[in-house]
Amino acid sequence: MTDTTTATPQDTHIDLTDQERAADLKIEELKRLVGLVEYDESTDPFPVTGWDAIVFVVGNATQTAHYYQSAWGMELVGYSGPENGNRDHKAFVLKSGSIRFVVKGAVQPDSPLIEHHAKHGDGVVDISLEVPDVDKCIAQAKAAGARVVQEPETVSDEFGSVRIGAIATYGETRHTLVQRTIDGETYAGPYLPGYVARTSDFVKRDGAPKRLFQALDHIVGNVELGKMDEWVAFYNRVMGFVNMAEFIGDDIATDYSALMSKVVANGNHRVKFPLNEPAIAKKKSQIDEYLEFYNGPGAQHLALATNDILTTVDELRKEGVEFLDTPDAYYDDPEMRARIGEVRVPIEELKKRKILVDRDEDGYLLQIFTKPLGDRPTVFFEIIERHGSLGFGKGNFKALFESIEREQEKRGNL
Ligand SMILES: [Fe+2]
C-alpha cells in the first residue's frame with residue numbers, strides 16, 4: 001500500500017458553482033462534505049469546475065423518476081419528451097443539493113437507448129462535467145489522444161445558450177462537457193436547451209427532511225483486468241487529474257476475491273474517480289460480476305455526500321431502500337473499536353444501522369452501501385459522511401467485500 005498525493009492545494013480563490021449556490025451550500029461545508037480544495041485553474045490544461053449531471057439510461061424513466069423522488073427525496077425540476085418535441089425518449093431531471101440526475105428511457109422502439117439498455121441494463125451513460133471553456137478542453141483532449149464523440153457546439157433556446165462537447169471514457173460511458181456561461185451570459189433554463197421546467201405533485205411524508213444528500217462525492221468506474229493503469233493515465237494525461245490514495249493487492253482482498261483500485265481527482269477535488277479492476281483470486285470478484293452483467297466497463301457506484309448519515313439511512317430504510325449487511329462482529333471487534341476511536345455518535349447507533357467507519361491520519365468517515373439499484377448486480381449507491389478523512393473507506397473494504405460476497409453467493413455468482 002502506498003499513499004500518493006501529488007495534488008498541492010494552492011491558496012487560491014474558489015467559487016461556488018451555480019448549482020451549489022442554488023442549494024444554499026457554503027465553501028466551508030463543501031470542504032467538509034466532499035473534500036473540496038482550492039487550486040489554481042489558470043495553469044490547468046483541462047479545467048473542470050465540477051459535476052454537471054449524471055445521466056442514466058433506464059428501462060422505465062417514468063417510474064425511476066418517481067423512485068428518486070419518493071425513496072431518495074430528490075426534486076423533479078425538468079423534463080424532455082414527446083410533449084415538447086423529443087419523440088425518441090423521455091428524460092426527467094432530478095436534483096438533490098448541488099447534484100443533478102437525468103434519467104432517460106426510450107419511447108420509440110427503434111431508439112438507440114433500447115439497444116444500450118438491452119446490452120447494459122440500467123446504468124450511467126454520461127458523467128457530465130461543467131467546464132469553463134469547452135473548446136480548450138476538447139483541444140487538449142485531442143492533443144492528448146482522447147476520442148472526441150461530440151465536437152464543441154453551441155445549443156440555444158429561449159433561456160439562452162450553452163456550449164457542449166463530449167469525450168469517450170471507459171466502456172460506453174462518456175463525459176459530456178458543459179459550458180454554461182458564454183461571453184458573460186449564463187444559461188437560465190432548467191437543464192439544457194430542449195428541456196422544460198417540470199415539477200411534480202409528489203408530496204413528501206410529514207417530517208421528511210428537506211433532502212437526504214447534499215452533493216456527489218465520487219463515482220467509481222469498473223474496468224477490465226489490466227486496464228486500471230491505462231485509465232488512470234488517461235485521466236492524468238487527457239484531463240490533468242491528479243492521483244489520490246491508491247489501494248493495491250492485499251489491501252482489498254478477502255479469501256475469495258480481490259481488486260485493485262486507484263483514485264484520480266480534478267484540481268479542486270469536486271470530481272473524484274476511483275478506478276477498479278479485478279485482481280486474480282480464488283473465486284469471481286465483485287468486479288468480474290459487474291463486468292459480466294454490465295457487459296463491459298462502466299460506472300459501479302455513486303457516493304452521495306450527507307451531513308447526517310443516521311437520518312439519511314433511517315429515511316431511506318423507511319422507503320424500502322436496502323443496504324448491504326454488516327455482521328455485528330464488525331462493531332464488537334476490540335481491534336476495530338480501537339482503530340475507529342471516538343466518532344460523533346455512539347458505535348451502537350452505527351451498529352443498529354450497519355453504518356461502517358474508517359479512520360486515517362486526517363480524520364474519519366462514515367459510510368454505507370446499498371444493494372444494486374436495478375435488476376442486474378451492477379450500479380449501486382454509497383452514502384458517505386466525511387469528518388476530515390479524504391479517503392474512500394479502505395479499512396472497510398474487507399468487511400464490505402465479505403458482505404458483497406454473501407450477496408453474490410445468493411445470486412449464484414461467486
Ligand atoms: Fe466509494
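Visitor: In what order do the nine strands of the open sheet stand?

Guide: Strands here are DSSP runs of E with at least two residues, helices are runs of H or I with at least four, and both are numbered from the N terminus. Two strands pair if DSSP finds at least two bridges between them. In this predicted model, the order is β6-β7-β8-β5-β1-β4-β3-β2-β11, with mixed pairing. Because β6 (148-157) and β11 (196-197) each have a single partner strand, they stand at the edges, and one side of each lacks a neighbour in the sheet.

Visitor: In which sense do β6 and β7 pair?

Guide: β6 and β7 (residues 160-168) are antiparallel, joined over seven bridges.

Visitor: Into which domains is the chain divided?

Guide: Domain bounds come from an automatic or database domain assignment. Here they give domain 1 (45-197) and domain 2 (215-411), whose centres, taken over C-alpha atoms, are 25 Å apart.

Visitor: How many residues of each domain are in contact?

Guide: Contact requires C-beta atoms, placed from the backbone, to lie within 7 Å. By that rule, 27 residues of domain 1 meet 31 residues of domain 2. On the domain 1 side, β1 (50-57), α4 (112-120) and β5 (123-130) each supply at least two residues; β5 gives the largest share, four residues.

How values were computed
Residues numbered from 1 in each chain as written. Predicted model: local features only at pLDDT ≥ 70, side-chain atom pairs only at ≥ 80, totals over all residues. Contact = placed C-beta atoms within 7 Å.
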